[in-house]
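Could you walk me through this structure, starting with its sheets and how the helices sit on them? I am new to it and would like a friendly tour.

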Amino acid sequence: MSTLDLFSVTPSETADLLPRQFRDWFAARGWSPREHQLALLAKASEDRSALLIAPTGAGKTLAGFLPTLVELSHPAAQRGEGTKSLISTGRNVKRTGGLHTLYISPLKALAVDIARNLETPIAEMGLPIKVETRTGDTPVSRRQRQRRYPPDILLTTPEQLALLLSSDDAPFLFSSLKRIVLDELHALVTSKRGDLLSLGLARLWRLAPEMRAIGLSATVAEPESLARFLMPQRDGKEVSADIVVAGGAAAPIVEMLDTQERLPWAGHTARHALGEMYELIKRNKTTLIFVNTRSQAEMLFQDFWRMNDDGLAIALHHGSLDVAQRRKVEDAMAAGKLRGVVCTSSLDLGIDWGDIDLVVNVGAPKGASRLMQRIGRANHRLDEPSRAVLIPANRFEVLECRVAIDAIAENAQDTPPLRTGALDVLAQHVLGCACGEPFLSDELYAEVLTSAPYASLTRSDFDDVVDFVATGGYALKTYERFARIKQDKQGRWRVANPKVRQSYRLNVGTIVEEAMLKVKLVRGRGGGAGSTGMIGRGGRMLGEIEEYFIEGLVAGDTFVFGGEIVRYEALVEDQVYVSRANDKDAKVPSYMGGKFPLSTYLAERVRKLLDDRRQWNALPEQVRDWLSLQRHFSSVPGVRELLIETFPRGGKHYMVCYPFEGRLAHQTLGMLLTRRLERARARPLGFVANEYALAIWGLGDVSFMVRHGKLDFAALFAPDMLGDDLEAWLAESALMKRTFRSCALISGLIPRRFTGEEKSRRQVLFSTDLVYDVLRKHQADHVLLRAARADAAAGLLDLKRLGDMLSRIQGRITHRELEHVSPLAVPVMLEIGRESVYGEAGDELLAEAADELVKEAMG
Amino acid sequence: MRAAKVMVADVRFVADISGALFWQEQRLLVVSDLHLEKGSSFAKRGVLLPPYDTVATLSRLAAVIARHDPRMVIALGDSFHDREAHERLSESDRDALSAMQARRDWIWISGNHDPALPSDLGGTVANEVAIGPIAFRHEPTGAAGEIAGHLHPKARVATRGRSMERRCFASDGERAVMPAFGAFTGGLSIRDPAFAKIFGTPGFMAHVLGDNRLHAIAASRCY
């Protein structure tokens, strides 16, 4: 940490809040407390909850714990409490002393690391404070002891909190709670884990009315809505915690690589800039190289490996690598032994790494705030600017990088708005509540409403969820006798039997992992294709890979994994056997576009940039030329308009449009448009989508059809496609089924794990696709289908964004009929065949396989 | 092609896209592995699957019966998911079943899930049935001229990074294994050793149930 302090002047009244021993401790280290650290102390002394917004390296964690440390530094008697001994562990025993502060982190590694960091000031000041962690790795004996004799400070995760709340002695354990500290809150609230946490908070507010919250967050677009998360909402009014903003971080220095190479038209690998990236690593002490997907990380790492003549210590880090392997990289990094780490979002959050002097972001930044948080990883010293270099992988990404840099300079944020709480998570919570003390529907409903994401939950949705938890929520009331929770004479709900409770405990949590398979490196069959020789057993584990990816492969296909190109040999139980391949390029691309689409905010800035020619001067010459050519040849899309180009090529007819709404929304649009084009007899054959554009091709001449009034673009792109067409597609959509699967697992309809048998994650008890099909036909308004639709709208199908776009472009469609492909269309056209077309497989795919047979038979 | 020709021991069958098999000359319809009341069977154990599987399965069965108007129907075993499943049939499902059984012979072959069916279900209960050169039984033995179920065959086909998985008939001209007909029935890949045991070689065909037609694909091409 730095010895230079940014806040040499400290207001004396807040400084007084800090007891002598703390001031001495700071002074002994040559530090003085930062303003925001004292501000949080002041909020605590006023009994207020607060949200601290601060960049990485601002001493956020210490700020969060300072009020607790100060309070606990006074002897118990002075705090107006008796001694801390208590023997009885029955219900409703109000203990004195006990758990004072709960700390929640999204990562268990972070919780463990923070515990270690807290030990230093506690030991050095000799404070009488006991700190413990509780994660999935904590031994049972210690967990039991923690419930009986809680520490002063407990560091844990949202899932462990849910488990603690579902136990009988939750009232005993939490009634003494004074504070909850929520770390990395900006990251937690964007997912269903945040929903679960918010429901846990609601419960805590009831069990410990005196509890106050401190949220620690990176900079977000809407701090007020995040501040609501920290306060119980009452009577339909929005209540927010106080907001403390830490200032003083030096502005980052962000540049775009001005490549000397030819900028690629398409692709995401940025291979053209390999040499320049390698030079960056060479010139800096430690460089973090962020990429958007696991396979990109794999490929880039492999490329560095090939060119590493200087023997630089470069490592690879992503979520599918073996855990031990990842820890090794993290330790080497902390010890300053690495020059570069190629990584994915697996390093977006987490433990402080110390001295990283450069962040390189390869490919599209996707969002301004996300990029800013990554850049913040570069330097954990507030007073020095972080340095980052953006490497666009293609021409469109140049535009995206340009506007992201501008956004960062303006400190503009584009974090998503606060979620509306999901019903499947609520179902899990309701079951958890029934596992603890029995509850009355009226009371639990009132409690749930205090949680910000659920503040507008309707009573009928709540009742449907309770009904679902009890008997499945089916219109056909045949499961009364199989109810999982039952009402007693007073109307209080409780679990029907201990097995339900066990099952809840095994299945708590909202992280639904993709079904993963282990990848094992074996010796190839040898003897060339067609040989059926034995595959060598034994061999090294390379890591894990998504099952759906493997399902698309046939034996002999090559792909990149674990930093090398491997050949798929066979699937043996839950292991994928691969052998080393000598091919230079993998046959099957595994770029799936990354988890996050281009943010609406950056997309709009890209459209503005395109529309405003004066801004083009800030772009590299190659890109300027490209855009000028497009203007000359076709037209450059305006801010609000939709440009559609049609042209013939190689016997087919193409239609390319440029909505700039991200890959997910474009895929959905592609699915719906091909249905409509089919009906209009334009005979579409396929489509491909990227973050900026959508290309559809077919046998029908769309230009001709438009000219002769047989097709109308205004009607084709009319928002009513989100009506019947969408419904018809959803019936068979694999994306929708994937979404439903996660709702079915989270809500507890289908258990992921069973008592007594730890099944492998791959084997889910029952195919959720079959449930989806039957439920959709027989009870289309079932609460789980509603939950899945809400998820799909915001998630894999991005319906909301598509809907907004369709309304935006009404009356603003520009059609250019061209003789051949336009400069702007080249990138998306190049992706045809290069990327797997993520369409719905159906009869065509089966017919293709059947045709191969016919060909074979005909010789 | 909502139907495809499947030969078993020189008898010509029509495989229906619903997963049923029809013997034109005999006007005999065969369906296998209905697994009725599978939903409520899970519900008993605390997994509250939708209680609509029986009605879904029966209505599909009624549709295929209406299409072929068979003289005789054989349900090839595992018609009920557990031994008490028939007791949980709703009134209306019972009525639907009776309506289908009217004016035709109905044979319940017993399976491992429903080894002891009561007599009040209508129709006849049997362990197996032989008609001409064809033997109908639940569990396949690999004998020539056999039509069986039990294994729930499904086939996965992959090309260029896309894949799909569907139920299928498995057949080599001498014997056939039928797909499961029930709404809640999963499947077993035809590349599982269980199929190699029955067919001896991987040289058999999968007649895969597509969206609108059946597709004949070599089993060796599937996963």
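In chain A, 6 strands line up as an open sheet in the order β8-β13-β12-β9-β11-β10, with parallel pairing. Its edges are β8 (253-256) and β10 (314-317) of chain A, each of which pairs on one side only. From one strand to the next, the twist averages 20°. This is a predicted model, in which local features need pLDDT of at least 70, side-chain atom pairs count only at pLDDT 80 or more, and totals for chains, interfaces and linings use all residues. Residues are numbered from 1 along each chain as its sequence is written, while chains are lettered from A and ligands numbered from 1 in the order in which they are written.

Helices (H or I, at least four residues) and strands (E, at least two) are DSSP runs, numbered from the N terminus. Two strands pair if DSSP finds at least two bridges between them. Axes are lines fitted to C-alpha atoms, for helices over the stretch in contact, and angles run from 0 to 180 degrees between N-to-C directions. Two residues are in contact if their C-beta atoms, placed from the backbone, lie within 7 Å.

Inside this sheet, β9 (residues 287-290) and β11 (residues 340-343) of chain A are parallel partners over 4 bridges. Phe290(A) stands opposite Cys343(A) in β11(A). Helix α14 (residues 323-334) of chain A lies across β10 and β11 of chain A, at about 135° to β10(A). Helix α15 (residues 368-375) of chain A also packs on the sheet, where it touches β8, β9, β12 (358-362) and β13 (387-391) of chain A. The direction of α15(A) makes about 145° with that of β12(A).

What angle do α15(A) and helix α16 (residues 395-409) of chain A make where they pack? The angle is about 75°, and the axes are 9 Å apart. That makes α15(A) roughly perpendicular to α16(A), a label for angles of 65 to 115 degrees (under 35 counts as roughly parallel, over 145 as roughly antiparallel, and the rest as oblique). On the α15(A) side, Ala368(A), Leu371(A) and Met372(A) meet Ala404(A), Ala407(A) and Ile408(A) of α16(A). By class, this contact has 6 nonpolar, no polar and no charged residues. Here Ala, Val, Leu, Ile, Met, Phe, Trp, Tyr, Cys and Pro count as nonpolar, Asp, Glu, Lys and Arg as charged, and the others, Gly among them, as polar.

Chain A has another open sheet, with 7 strands in the order β3-β4-β2-β5-β6-β1-β7 and parallel pairing. The edge strands are β3 (131-134) and β7 (242-245) of chain A. Here the twist averages 20° from one strand to the next. Helix α5 (residues 108-125) of chain A packs on this sheet, touching β2 (101-104), β3 and β4 of chain A, and its direction makes about 175° with that of β3(A).

| Strand pair | Sense | Bridges |
|---|---|---|
| β3(A) and β4(A) | parallel | 4 bridges |
| β17(A) and β18(A) | antiparallel | 6 bridges |
| β17(A) and β21(A) | parallel | 4 bridges |

In these pairs, Arg134(A) has Thr156(A) in β4(A) as its bridge partner. Lys518(A) stands opposite Glu544(A) in β18(A), and Val519(A) stands opposite Val576(A) in β21(A).

Stepping back, the secondary structure of chain A comes to 33 helices and 26 strands. Buried residues make up 48% of its 859 residues. A residue is buried if 20 or more other C-beta atoms lie within 10 Å of its own, exposed if 12 or fewer, and partly exposed in between, with C-beta atoms placed from the backbone.

The buried residues of helix α29 (residues 768-778) of chain A include Leu770(A), Tyr772(A) and Arg776(A). The buried residues of α29(A) pack against α28 (734-746) and α30 (783-794) of chain A together with α2 (53-68) of chain B.

Finally, two residues of chain B deserve a look. Asp10(B), in the loop between β1 (3-8) and β2 (11-16) of chain B, has a positive phi near 65°. Asp78(B) lies in the loop between β5 (72-75) and α3 (91-101) of chain B, with a positive phi near 50°. Is each one buried or exposed? Asp10(B) is exposed, with 11 other C-beta atoms within 10 Å, whereas Asp78(B) is buried, with 29.
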